[in-house]
Each structure stands twice: as structure tokens, then as C-alpha cells.
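Here is a brief report for a first look at this structure. Please keep the sequence and the 3D view side by side while reading.

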Amino acid sequence: MTQHHAGAIETVMGKARFEQWLWDQCVSEVKHYHGDNGIFSAEEFRRDCTEKGQTQSFSGVGAQHQNARAERAVQTFEDMLRTYKSALEARMNEYLPCDHAVMYWMTEHTKHTYNKHFVQG
């Protein structure tokens, strides 16, 4: 089911699954969501964010380019993290599971590097 066809309840359930996956993979929590004014402005989604201390912001009407920028940022971050993980595995000559303790540090390092070199502001 695409996001376009999902209702508010399904979106909140998907949000919970994503947040659990993020915690399981990166020991990280979502602090802010940026979305369009569609389902993400529904009362159920907003309430779930408020209950979890998460903030929200919304794109302007007709700002589809912001989604492409966000998707590219996620792809770049994942590519960087995968590269760091592969390099460490090559040096160790063994597989590094995603729940290994060093993954937290690697994720933080990737976040710092990405923000330093790719985020303009």
C-alpha cells in the first residue's frame, strides 16, 4: 500500500514500525518529522508525535522538490554508513552485525560527517 492510499491509523502504525526499526538498527530516535499537509497533518499522526515529544513541520503547497531532496539525503547517509561498515569489516576480516555496539558510534560519526560536509546553513 502506498502512502497516498494509507489512512491515518495505518500511517501511525507504519510510523511506529519505522521508529522501532530505526531504534533496532541505529539506537536512534526520531525527534522531528517534515512532511506535506496530507495525512501527516491528520489528528492521529499529530497526537502520536506530541505524545512522543516529536516536532513537525510541513512543506509548502506544491513543494514536491523537497521530497526529492530528503530522499537524496537519506540515500547519501545510508551510502556513507554502508561504506564505513564495509571498510571496518575489511579491516577486521569479519562480518559486523547491524546490532553491534560499534554501529552506534558509526551512525553518530556518519551523522556528524554528513552534517559537516553536506548540510548548508
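Seven residues make up the largest nonpolar core of this predicted model. They are Val12, Leu22, Cys26, Val30, Tyr33, Phe45 and Cys49. Two elements, helix H1 (8-26) and helix H2 (43-51), each give two or more residues to this core. H1 gives the most, with three residues. In soluble globular proteins, nonpolar side chains tend to be buried together.

Cys26 belongs to this core. Leaving aside neighbours within four places in sequence, Cys26 is in contact with Tyr104 and Thr107. Tyr104 lies in helix H4, which covers residues 102-117.

Tyr104 also takes part in a nonpolar patch on the surface. Is Tyr104 exposed or partly exposed? Tyr104 counts as partly exposed because its relative accessibility is 43%, and the exposed class begins only over 50%.

Next comes a loop residue. Asn93 is found between helix H3 (65-92) and H4. Asn93 is not a glycine, yet it has a positive phi of about 60°. Asn93 counts as exposed because its relative accessible area is 69%.

The table sets out the accessibility of two residues.

| Residue | Relative accessible area | Class |
|---|---|---|
| Tyr104 | 43% | partly exposed |
| Asn93 | 69% | exposed |

Methods: Residues numbered from 1 in each chain as written. Predicted model: local features only at pLDDT ≥ 70, side-chain atom pairs only at ≥ 80, totals over all residues. Heavy atoms only, no water. Core = buried A, V, L, I, M, F, W, Y, C linked by side-chain atoms within 4.5 Å. Buried < 20%, exposed > 50% of the residue type's maximum accessible area, 1.4 Å probe, protein only. Helix = DSSP H or I, 4+ residues; strand = E, 2+ residues; numbered from the N terminus. Contact = heavy atoms within 4.5 Å. Patch = residues over 30% accessible without salt bridge, like charges linked within 9 Å, V, L, I, M, F, W, Y side chains within 5 Å. Areas by Shrake-Rupley, 256 points an atom, 1.4 Å probe, with all protein chains shown as cover. Salt bridge = Lys/Arg side-chain N within 4 Å of Asp/Glu carboxyl O.
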